[in-house]
Amino acid sequence: MGVKIGDLVTAVEIEIKDLSGKKIAIDAFNTMYQFLSKIRQPDGSPLMTSKGEITSVHSGILYRTANLLEDGIIPVYVFDGEPPEFKRETVEKRREERDEAKKKWEEALKMGDLESAQKYAQAALLLTEEMIEDAKKILKLMGVPVVQAPSEGEAQAAHMARKGDVFAAASQDYDSLLFGSPRLVRNLTITGKRKLPGKDVYVENPPEIIELERTLSDLGITREQLIIIGIIVGTDYNPDGIKGYGPKRALEVAKKCKKPEDITRFVEWSFDISPVDLYNFFLNPPVTDSYNVDLSPPDKEGLIRFMVDEHEFSEDRVRKVAERVEESFKRASYKGLEAWF
DNA sequence: CAACCGGA
DNA sequence: TCCGGTTGG
């Protein structure tokens, strides 16, 4: 879900080609959830093997990654580690919401209401440990760097972008900006299309980039004040935010705050975690410097065997993808990324 | 979401 | 080659 500051940031539309030759730290969990919720049949059921193992995440990771590589982008997938203790309540609440959605999905299916079924199905599934491990395995077989964050993936991605080891962080959420990433890419997809919820209408949804400095100067605030805005409107750690405060009022409050201790002078804070602790977490989260952001040679046959033998993918399709991945790797290592074209 | 297929 | 509908697992 992430921090609710979308209305305040300055997003600039880009083309996927604009990212060619660049390394991008991708929020793996965020991306996998998109796949899990969006790669569905018309009745809302995900892709599955004959044994009922869900393979929507596998499909998304495989094709999306191959396409990025073909466009000269080096994706660096950053996986979440241990969530901070104060996120536990949110994590539990989300599991309950998913259980609820699952029931409603089944009811809608019984009633033959496909529209509702699709809606509830999207919210009904949880990433499993097996999906996460399989995604890592697919990426490694593709020769794509996998980074294990000690805590939040968005924090780790921001750290890598700040150091200049990657050009930007990519996620649908805005948290990486609070964690200090100089750039955030959203809608890092090939088709650039998105279905409007509840309607049979598709809208263009092109990739966009949000620059932290640009956003801060447009708002006339510091990163510290952006964090204050975030924790007032709501984050994963205090999901509802302060009652009655949207982006506009939060901005006004933040402008009056010199330090996090000032927050409680303006708003009533009722969450378990203190605003100062939350602020300090965003300002200085747990991260690691032990990671690699370079491509390795892909294991073409290994990839084919894993997808075909263990997950019932079509050999023709996977072989085609694997060849594209191999071609991309050769091109990247021969020319270097600067001279992609 | 992205690949594939068939008709324009 | 582009497009809309369908399939993938």
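This is a predicted model: local features need pLDDT of at least 70, side-chain atom pairs count only at pLDDT 80 or more; totals for chains, interfaces and linings use all residues.
Trainee: Which residues of helix α8 are buried?

Mentor: Helix α8 spans residues 212-219.

Trainee: What covers the buried residues of α8?

Mentor: Both helices and a strand take part. The strand is β9 (208-211). The helices include α7 (175-178), α9 (223-233) and α10 (247-256).

Trainee: Which exposed residues does the other face of α8 carry?

Mentor: Look at the face turned away from the buried side. Exposed means over 50% relative accessible area. The residues there are Glu 213 and Ser 217.

Trainee: Which residue just after α8 takes a positive phi?

Mentor: Just after it, the phi is about 70°. The residue is Gly 220.

Trainee: How many aromatic pairs does a search of the whole structure find, and how are the rings of Phe 86 and Tyr 237 paired?

Mentor: The search finds nine aromatic pairs. In the pair of Phe 86 and Tyr 237, the ring centres are 5.2 Å apart and the planes stand at 70°. Planes over 60 degrees apart count as edge-to-face. So this pair is edge-to-face.

Trainee: How many residues apart in sequence are the parts that Phe 86 and Tyr 237 tie together?

Mentor: Phe 86 lies in the loop between β3 (74-79) and α3 (88-111). Tyr 237 lies in the loop between α9 and α10. The pair therefore ties together parts separated in sequence by 151 residues.

Trainee: Is Phe 86 buried, partly exposed or exposed, and what about Tyr 237?

Mentor: Buried means under 20% relative accessible area. Phe 86 has 25% relative accessibility, so Phe 86 counts as partly exposed. Tyr 237 has 6%, so Tyr 237 counts as buried.

Trainee: How do the rings of Phe 86 and Phe 281 pair?

Mentor: Their centres lie 5.1 Å apart, with the planes at 90°. The pair links distant parts of the chain, since Phe 281 is in helix α12 (residues 275-283), 195 residues apart from Phe 86. Phe 281 is buried, at a relative accessible area of 9%. With planes at 90°, the pair is edge-to-face.

Trainee: Which residues do ring pairs link into a cluster with Phe 86?

Mentor: Phe 86 pairs with Tyr 237. Phe 86 also pairs with Phe 281. Besides Phe 86, the cluster holds Phe 179, Tyr 237, Phe 281 and Phe 282.

Trainee: Which ring does the charged end of Arg 249 sit over?

Mentor: The charged end of Arg 249 is 4.2 Å from the ring centre. That ring belongs to Tyr 245.

Trainee: What is Thr 49 in contact with, leaving aside its neighbours within four places in sequence?

Mentor: Thr 49 lies in the loop between α1 (28-38) and α2 (56-70). At 7% relative accessibility, Thr 49 counts as buried. Its contacts are Thr 55, His 311 and Glu 312.

Conventions: Residues are numbered from 1 along each chain as its sequence is written. Chains are lettered from A and ligands numbered from 1 in the order in which they are written. Side-chain values use heavy atoms; hydrogens and water are left out. Buried means under 20% relative accessible area, exposed over 50%, partly exposed in between (1.4 Å probe, protein chains only). Helices (H or I, at least four residues) and strands (E, at least two) are DSSP runs, numbered from the N terminus. Contact means heavy atoms within 4.5 Å. Rings of Phe, Tyr and Trp (its six-membered ring) pair if their centres lie within 6.5 Å; planes under 30 degrees apart count as stacked, over 60 as edge-to-face and the rest as tilted. A charge sits over a ring if NZ of Lys or CZ of Arg is within 6 Å of the ring centre and within 35 degrees of the ring normal.
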